Amino acid sequence: MKINFIDLQAQYKKYEKEINSEVLEVFASAQFIGGEKLNSLEKNLAVYTGAKHAIGCSSGTDALLLALMALDIGVGDEVITTPFTFIATAEVVALLGAKSVFVDIDEESYNIDPSKIEAAITKKTKAIIPVSLYGQCADMEAINNIAKKYNITVIEDACQSFGATYRGKKSCNLSTISCTSFFPSKPLGAYGDGGAIFTDNDELATKMRMLLNHGQNERYKHKYIGINGRLDAVQAAILNVKLKHFEEEVRLRDEIGSRYSDLLEDADVITPKIAEASTSVYAQYSIRVKDREAMVEKLSKLGVPTAVHYPVPLHMQEAFKDLGYSTGDFPISELVSKEIMSLPMSAYLSEAEQDFVVQAIKG
Ligand SMILES: *Cc1c(COP(=O)(O)O)cnc(C)c1O
């Protein structure tokens, strides 16, 4: 059996007619940047998440960068985040000359441990970026309460959690600013790079809209130093089609994730733990195994592709050596990074494929 890690081709087949017709409309209109498709996507994203403003942009990385720029974060400032994430979360902090201060994760959720945040706060702390990893929201209420006490802004890195819920609210509507990614393999994926920023704050929304368009407030009048961080119309058109079907995909992902966990209950692996008041979109379905290398090899021989998110925590990355951290500083992140591996996952994984993966793990 040939199994795809993420089956984007099956998804395209399903929406082919709608996607083709939307994309051809963009070609015919020659409105490639901005315009009707982007406006309608932004409206639909706001309705979907419940956030007042949804702003399309060029990627999840740029969404995070724009959020920090809007908060004037730069040299001398500190931003608290998790070392167990994709590099982009902390990369943008460094790009602006600010300093990432890492806080270890909770061993069940793999998200930043709120009980360890206060000890990391200093006079220089400007923001906290909790990452809603693998599709489950960080404990945003606990984090927001701490942030409020110290007058710090919270930015949810929701690049993996678009569509997830936390205490009845949607991810991307749980903190002052939220950032998501439409990278093709994310739960809501474009056919290229893309992202979005969410906020209820009118001033921040206006500022981020200017920043992503070279800080321009009217044509060739520049209020800020910004970037070219726009989302193009072709991607917006594709995302609009996929968003229409997204709730159904979220439901399928939830079913498939839960089914994996049921089937793997008696296997010698640790399955994801989803908090009672949360749902996950399973951007990754990641398990922990004691001997990962052996498991990866065994599965690979049987034709089951896997991936590791992420093998090296950020405090141990060469790119962050100037932060002065050492191995051993964040023991839970280090332990999980040694044991974690992701299994094939998409809304289109069939039961037969899933059974094959599970048998391969158990066999
Ligand atoms: C994918 C991802 C990003 C970056 O998104 P891009 O659209 O690829 O720039 C940032 N943070 C996390 C947690 C991600 O998974």
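Q: Leaving aside neighbours within four places in sequence, which residues is Arg 292 in contact with?
A: Arg 292 is in contact with Val 308, Pro 311, Ser 337, Lys 338, Glu 339, Ile 340 and Met 341, where contact means heavy atoms within 4.5 Å. This is a predicted model, in which local features need pLDDT of at least 70, side-chain atom pairs count only at pLDDT 80 or more, and totals for chains, interfaces and linings use all residues. Residues are numbered from 1 along each chain as its sequence is written, and side-chain values use heavy atoms, with hydrogens and water left out.

Q: How far apart are Arg 292 and Ile 340 in sequence and in space?
A: They are 48 residues apart in sequence and 7.4 Å apart in space, C-alpha to C-alpha.

Q: Is Arg 292 buried or exposed?
A: Arg 292 counts as buried because its relative accessibility is 8%; buried means under 20% relative accessible area, exposed over 50% and partly exposed in between, with a 1.4 Å probe and protein chains only.

Q: Moving to strand β1, residues 53–57, how many of its residues are buried?
A: Five of the five are buried, so β1 is largely enclosed by the rest of the structure. Strands are DSSP runs of E with at least two residues, numbered from the N terminus.

Q: Which residues lie on each side of β1?
A: His 53, Ile 55 and Cys 57 are on one side, with Ala 54 and Gly 56 on the other.

Q: What does β1 pair with?
A: β1 pairs with strand β9 (residues 195–199) in the antiparallel sense over five bridges; pairing requires at least two bridges found by DSSP. His 53 stands opposite Thr 199 in β9.

Terms used
Helix = DSSP H or I, 4+ residues; strand = E, 2+ residues; numbered from the N terminus.
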